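Hi everyone, thanks for making time this morning.

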Amino acid sequence: MSTRWYPIYQRGNPQLRVFLPNFWMKLIRPEHEQPPNVVQFVCSMEMTKHDVKNYLEKIYNLPVVDVRTRIAMGKTKRDLIMGYISKHEDTKLAYVTLPKETKFEFPNLFPAEAKQKTEDDKKSLDEAKKNHKMYLEKNKHRPGTPGWFTI
């Protein structure tokens, strides 16, 4: 785990010391439509607005205009049999506003696969329909099924 505390001194040659923040941030796709220059993150609960701004500016060299944060309550659920209540963890959401000329578009990671997958799904659905029709036609006059005899 990374730490902001200075490591304990150990005898010997000078050691390479890397200091990393105890914070983490995760880019998420927003639930509601937002302006193109607003980006939404989930971050650690200990982060303040100033920490989010410094984190993005110093580590990722992003120009940040404004940061708004809110805490989203975790969902609660009651067990029907035992009657106890359980709750998911609360999360902190950070809405980062970039300069007006900067536009952020959420990346489409697999564009070619999505198109190919839909074509494959259509082919397999058509094939399944055709096989089902052949099955029904083959078993139409089988004894024991309704409609196999004529009066």
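Let's start at one spot: Ser44 sits in the loop between β2 and α1. Before going further, please note that this is a predicted model, where local features need pLDDT of at least 70, side-chain atom pairs count only at pLDDT 80 or more, and totals for chains, interfaces and linings use all residues. Residues are numbered from 1 along each chain as its sequence is written, and side-chain values use heavy atoms, with hydrogens and water left out.

Back to our serine. Is Ser44 buried or exposed? Ser44 has a relative accessible area of 2%, so it counts as buried. Buried means under 20% relative accessible area, exposed means over 50%, and partly exposed is in between, with a 1.4 Å probe and protein chains only. Leaving aside residues up to four places away in sequence, Ser44 touches Phe23, Trp24 and Lys92, where a contact means heavy atoms within 4.5 Å.

Now the overall layout. The chain has six strands and two helices, and from the N terminus on they run β-β-α-β-β-β-β-α. These elements are DSSP runs numbered from the N terminus: helices are H or I with at least four residues, strands are E with at least two. Of the 151 residues in the chain, 19% are buried. Among contacts with a separation of 6 or more, 47% are between residues 24 or more positions apart.

Next, helix α1, residues 49-60. Its twelve residues reach 16 Å from the first C-alpha to the last, close to the 16 Å expected at 1.5 Å a residue; that expected span is 1.5 Å times one less than the number of residues. Which residues of α1 are buried? They are Val52, Tyr55 and Leu56. Seen down the axis of α1, these buried residues fall within an arc of 90 degrees, so they line one face of the helix. The arc is taken from the directions from the helix axis to the C-beta atoms. As a reminder, an α-helix has 3.6 residues a turn, so residues three or four places apart point the same way. The buried residues of α1 pack against β1 (25-27), β2 (38-43), β3 (66-72) and β6 (91-97). On the other side of α1, His50 and Lys58 are exposed.

Asn61 is not a glycine, yet its phi is positive, at about 55 degrees. In general, most residues other than glycine have a negative phi. Asn61 is exposed, with a relative accessible area of 63%.

Leu80, Ile81, Met82 and Tyr84 make a nonpolar surface patch of about 590 Å². Patches take residues with over 30% relative accessible area and no salt bridge, joining like charges within 9 Å and nonpolar side chains (Val, Leu, Ile, Met, Phe, Trp, Tyr) within 5 Å. One of the four, Ile81, lies in the loop between β4 (76-78) and β5 (85-87), and its 76% relative accessibility is why Ile81 counts as exposed.

Finally, charges. A salt bridge here is a side-chain nitrogen of Lys or Arg within 4 Å of a carboxyl oxygen of Asp or Glu, and the count comes to one. The side chains of Asp90 and Lys87 form it, at 2.4 Å from N to O. Asp90 is partly exposed at 26% relative accessible area, and Lys87 is partly exposed at 43%.

Notes
Accessible areas come from the Shrake-Rupley method with a 1.4 Å probe; for residues, only the protein chains shown count as cover.
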